[in-house]
Amino acid sequence: MTQPASHPPHRWASIISLAHKRTTGENRFPVNVARLAKSYTALKYPTDAITMIKGASLPGFDGGLIPDPRGEKGWGIIYNHDIKSQGRIRFTLAHEFGHYLMHRATYPKGLHCRDEDFTWATYSQVEHQANNFASALLMPIDDLRSTLPANEHIDLEDLSACADHYGVSLVAMALRWIEHTSRTCVLIHCQHKKITWAKSSRAAQQQGLVYTRQGKNKHETPPALSLAAATTNQPRAHMETTIHRQPVWFGCSCEEATAFSHYDQSVLSLLSFDSPAIAQVAHVLGKRTKMRAKPMG
């Protein structure tokens with residue numbers, strides 16, 4: 001087995017993205033991961049390359065990296081062909097490609113990845129690294145910065161359009177963006193009427209807007225007045241937005257946009273605490289407060 005080079009996930013993604021850009025030009029999205037993985041590894045590791053990528057029925061698993069099952073040298077990537085989302089399949093292939101680059105020497109018998117390994121909720125370090133690699137490969141930071149400037153207010157419609165551009169799921173796109181934005185935002189994911197995970201932007205973290213479970217392994221319901229709760233209880237339009245003038249999330253006013261997925265009956269909420277609409281609410285409330293204030297003296 002060829003010993004893989006020791007690079008962190010973002011460095012591996014940068015190396016391969018640059019090579020991919022040189023061969024395909026600007027029109028390189030969505031990334032054809034299967035073709036890229038085979039061609040790159042055949043060039044760099046000809047005696048230990050990825051030689052097979054195929055779909056199979058994998059109940060409870062999204063995919064896996066395995067030694068070539070035909071008994072030949074090299075590796076294979078398998079993915080669950082029952083998954084209906086092409087974006088999720090593309091992310092799975094990139095995730096397994098990351099395992100090949102970073103972990104094949106440590107795990108010579110391969111790795112199998114479950115559904116939850118792809119959600120940034122709870123996973124091991126190797127899954128964390130594979131997720132980071134896949135995200136950076138499919139949504140390179142140089143392209144992302146020009147597509148979604150870090151300081152701009154972004155809504156779920158914008159993220160959905162970018163998800164189509166990169167050929168990934170809305171959840172994967174939102175998770176990539178939340179790490180990049182300088183705005184004060186929080187992502188909340190709900191399923192079966194419970195909060196399954198949350199992720200805050202850097203600015204939100206600095207302000208203490210971070211969701212934490214109250215008990216070990218305890219999944220809580222979203223606030224009763226939230227759009228997430230309304231959408232979870234009665235699935236409606238694919239996307240919807242509302243302004244919470246009164247505190248609903250984290251004791252603050254915010255703009256909440258939700259996207260309902262018929263694929264897995266989940267709800268993704270994007271909470272924006274510094275959107276133009278919320279700035280207007282703060283301005284109006286500030287005026288009313290001044291009007292009600294008694295003159296001093």
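Visitor: Let us start with Q265: how does its relative accessibility class it?
Guide: This is a predicted model, and in it Q265 has a relative accessibility of 43%, so it counts as partly exposed. The cut-offs are under 20% for buried and over 50% for exposed, with partly exposed in between.

Visitor: Where is Q265 found?
Guide: Q265 is in the loop between β8, residues 252–261, and β9, residues 266–272. Its phi is positive, about 55 degrees, although Q265 is not a glycine.

Visitor: And H192, what is its phi?
Guide: H192 has a positive phi of about 55 degrees, and it is not a glycine. H192 lies in the loop that links β5 (185–191) with β6 (194–200). The hairpin of β5 and β6 has two residues between the strands.

Visitor: Is H192 buried or exposed?
Guide: H192 counts as exposed, because its relative accessibility is 63% and the class begins over 50%.

Visitor: What about β5, how many of its residues are buried?
Guide: Six of the seven residues of β5 are buried, so the strand is mostly covered by the under 20% criterion.

Visitor: Which strands does β5 pair with?
Guide: β5 runs antiparallel to β9, and seven bridges join the two. In that pairing, C190 stands opposite V267 of β9. β5 also pairs with β6 in the antiparallel sense, over six bridges. There, L187 stands opposite K199 of β6.

Visitor: Changing topic: in what order do the strands of the open sheet come?
Guide: Four strands form an open sheet in the order β1-β3-β2-β4, and the pairing is mixed. β1 (50–56) and β4 (111–114) are at the edges; each has a single partner strand, so one side of each has no neighbour in the sheet. On average, neighbouring strands of this sheet are turned by 10 degrees against each other, direction ignored.

Visitor: In which sense do β1 and β3 pair?
Guide: β1 pairs with β3, residues 75–80, in the parallel sense, over six bridges. As one example, the bridge partner of K54 is I78 in β3.

Visitor: Now to the helices. Where is L156?
Guide: L156 belongs to helix α6, which covers residues 156–166. With a relative accessible area of 3%, L156 is buried, as the class takes in values under 20%.

Visitor: What does L156 touch?
Guide: Leaving out residues up to four places away in sequence, L156 touches L170, M239, A257, T258, A259, L268 and L270.

Visitor: Which residues does the cis peptide bond join?
Guide: The cis peptide bond joins F29 and P30, with omega at about -10 degrees. P30 is placed in the loop between α1 (9–24) and α2 (33–44).

Visitor: Last point: what is the mean pLDDT?
Guide: The mean pLDDT of the protein is 87, and 87% of the residues reach 70 or more.

Visitor: Where does pLDDT stay under 50?
Guide: Over residues 287–297 pLDDT stays under 50. For that stretch the model has zero contacts beyond four places in sequence.

How values were computed
Residues are numbered from 1 along each chain as its sequence is written. This is a predicted model: local features need pLDDT of at least 70, side-chain atom pairs count only at pLDDT 80 or more; totals for chains, interfaces and linings use all residues. Side-chain values use heavy atoms; hydrogens and water are left out. Two strands pair if DSSP finds at least two bridges between them. Axes are lines fitted to C-alpha atoms, for helices over the stretch in contact, and angles run from 0 to 180 degrees between N-to-C directions. pLDDT is the predictor's confidence in each residue, from 0 to 100. Contact means heavy atoms within 4.5 Å. Buried means under 20% relative accessible area, exposed over 50%, partly exposed in between (1.4 Å probe, protein chains only).
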